[in-house]
Amino acid sequence: WTRVQASRYSRGHLLVPQGEHGYFEGSQHDRITRFRVAPFDTSVFFLQNDSGFQTWAPTPDRLAKLKEGFKPKLHLNPH
């Protein structure tokens with residue numbers, strides 16, 4: 001984590017807090033619901049060269065949209 005963040009290609013970081021994002025659990029076929037609210041924080045790093053950064057910079061608006069996409073579709077107990 002520290003080395004990725006310190007990389008010369010690291011152009012942005014988004015922290016999605018615990019409980020504010022969800023995922024499909026691998027054993028979803030054995031569960032009542034396949035969705036699960038994440039019980040941990042998740043970091044998203046943007047590793048880009050100069051050209052990529054000029055084209056797809058991780059702007060505050062883009063980061064907000066990405067974070068919105070991480071939101072769980074159902075509010076479930078994270079445990």
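Student: Which residues is Phe46 in contact with, leaving aside its neighbours within four places in sequence?

Tutor: In this predicted model, Phe46 touches Tyr9, Ser10, Arg11, Gly12, His13, Leu14, Pro58, Leu63 and Leu66. Phe46 also belongs to the largest nonpolar core, together with Leu14, Val16, Val44 and Leu63. Strands S1 (10-16) and S4 (42-47) each supply at least two residues of this core.

Student: What makes Asp50 and Arg11 a salt bridge?

Tutor: Their side chains meet at 2.6 Å, N to O, and the cut-off is within 4 Å, so the pair qualifies.

Student: Why is Asp50 called exposed?

Tutor: Asp50 has a relative accessible area of 51%, and exposed means over 50%, so the word applies. Arg11, with 25%, is partly exposed, because that label covers values between 20% and 50%.

Student: How do you know that Glu20 and Lys67 form a salt bridge?

Tutor: Their closest N and O atoms are 3.8 Å apart, which is within 4 Å, so this pair counts too. Glu20 sits in the loop between S1 and strand S2, while Lys67 is in helix H3, 47 residues apart.

Student: Why does Lys65 count as exposed?

Tutor: Lys65 has 56% relative accessibility, and the cut-off is over 50%, so Lys65 is exposed.

Methods:
Residues numbered from 1 in each chain as written. Predicted model: local features only at pLDDT ≥ 70, side-chain atom pairs only at ≥ 80, totals over all residues. Heavy atoms only, no water. Core = buried A, V, L, I, M, F, W, Y, C linked by side-chain atoms within 4.5 Å. Buried < 20%, exposed > 50% of the residue type's maximum accessible area, 1.4 Å probe, protein only. Helix = DSSP H or I, 4+ residues; strand = E, 2+ residues; numbered from the N terminus. Contact = heavy atoms within 4.5 Å.
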